[in-house]
Amino acid sequence: MALTTSMGEGVPRTKGPLRRAFGRFIANRAARAGLVILIPILLAVSTYHLWWPIGPNAIDLRAMNKGPSTAHWLGSDGVGRDVMARVLQGGRISLIVAVGSVAISTVIGFLVGAIASFGGRVVDSTVMRLVDLAMTSPPVIFLLVLASIAGTGIMPTILVISLLSWPVLSRMVRARLMELRERDFVVAARGMGARMPHLLLRHGLPNSIDILVVYATLQIANAILLEAGLSFLGLGIPPPEASWGNMLNLARSTIVLEQYPWQWMFPGAALVLTVLAINFIGDGLRDAFDPRSDLN
Amino acid sequence: MVLALSVLIFLLLRLAPGDPIDAYINPSVPLSPQDLEALRLRLSLDQPLPIQYLGWLRAALSGDFGYSIQRSGVAVLPLVLGRVGPTVLLMGTGLAIAIVVGIAGGIVSAVRRNAGPDISLSVLSFVGISSPAFLTALLGLYFFSVLLRWAPSGGMQTPGTPFSVFDVLTHLILPACLLSIGHAAMIMRYMRSSLLEVLGQDYVRTARAKGVREFWVIMKHATRNALLPVITLIGSTIGIAVGGAIFLESVFNWPGMGLLLVNAVGTRDYPVIMGATLVVGACVILVNLLTDIAYAFVDPRVRVS
């Protein structure tokens, strides 16, 4: 999506709003900390098969329920699988699910918000009723109901999470576009006969890109938590596939919880660290995009 | 709102696999095909969807949510209603702790802005928001029940002993505290930013200028106004609290709505899922209404408009 606008010749280039936002983002200490935590995690999770010798489903019968050692840095689980490899593979799955569901819900959220704001009063009120309904109902309950219908696996989990999370975004997008609709340049574009796709993609999208970026970032953290929660209850990613949630599910057995803490503490720690880092980054982005944040 | 929710749940119920009539058959009573046909007629399952919905609604309003598939012969409604009490107890205690801790922390953090207490509280609240309820539940269980043996590890009462308030309290305190963590963190962050905004306003300066003690300026003048957005937040987090309660109940084996729902989802017991969802949904909508009323109570300006 081209966001840059071509500038006339001879006009001195000033810093665009995106550049300034980026500067503010980098100046934010918490956001930098988030990046410092997140980038190594991303690297490790995406490349671990190149440098870690043990596969996530390889079984070492001599090491069942063994604590951390030189061969298995983070110990091994009840059937002798390496916890390190499973934490890394679990991170990969969790992130795939999170990114996939956020991509879907961002598209749905933007489109619904855009249609509500540009589609006239009747469309607006029906769509917003629906959004209200989806927002007042307790999210996790809905997640459970949807999950019970959709079944387990990666695709159903992505679908369930994305179906659940778009309403918040569409409300923010609607608010922004309602205001935009009355601006002179949009009125002018309409007067010149611009159609919906042009209005939405050429004017609506660039002017709500900050909302989308902040939403997507924070929602990734949220989706990781939702996926982990679902898998923890046995409704998300089914074992033998590893995910942080279903590794934590092991700790529902008292023996694992009490005797083999490394089997659930490491995935738990990875989960919290990742979500924390993404939240820091998301917060930093929000402050960076909000011009008022210069004031305090 | 409840009606719209019921439409949604009805449609989801139809999406679920299986013949919808199965939900209404008490498995312990044998039915002849004629009876089955009569039941089908009574629930208007031979009619188009909107009329089916009306039939379902009529049955639901008269308290007939059908029978649990998993526990043979148990009607859904009493099963669900029996679980409301423990959940309300757990959530109520948890939220009360969260509100007290969150508001106090928010005030401290706003007054000591950018100083030591503020930074450490902010970091703590970030960690609180980022850790899922089930993970804090596991950690809490591990440290307080397994390592320190301070609290019982689950259930609502010690089995085999007569009911006593003290016994329930000892079982309640750990899950309630753990439930409050995430919410306390959220309320704290909100309270902090809202109080900071209020503290910058003119009337606060006026109060200070006329010689009101700093303590009273903050407690009386500023906090009252800063509480308004926080009340809205608390109302809107009830739904999320229900989610947290589900995880805590399943970790601590707390015999509430969440445990019922999780077990029902695990065994694909659709009548129970739908009944529980409807009851929880209705409760959440009711609480949202109550927060709106509470809002008018705290802010007299709402009543004028």
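The expected span of a helix is taken as 1.5 Å times one less than its number of residues, where helices are DSSP runs (H or I) of at least four residues, numbered from the N terminus. The model is a predicted one, in which local features need pLDDT of at least 70, side-chain atom pairs count only at pLDDT 80 or more, and totals for chains, interfaces and linings use all residues. Residues are numbered from 1 along each chain as its sequence is written, and chains are lettered from A and ligands numbered from 1 in the order in which they are written.

Helix α9 of chain B (residues 214-252) contains 39 residues, yet its end C-alpha atoms are only 44 Å apart, whereas a straight helix would reach 57 Å. A kink of about 50 degrees, centred on B:Thr223, is present in α9(B), the bend at a residue being the angle between axes fitted to the seven residues ending there and the seven starting there. After α9(B) comes B:Asn253, with a positive phi near 55 degrees.

Between the chains, 32 residues of chain A are in contact with 38 residues of chain B, contact requiring that C-beta atoms, placed from the backbone, lie within 7 Å. Of the side of chain A that touches chain B, the largest share, eight residues, is supplied by α5(A).

The predictor assigns the complex an ipTM of 0.74 and a pTM of 0.80.

Technical notes. Contact = placed C-beta atoms within 7 Å. Helix = DSSP H or I, 4+ residues; strand = E, 2+ residues; numbered from the N terminus.
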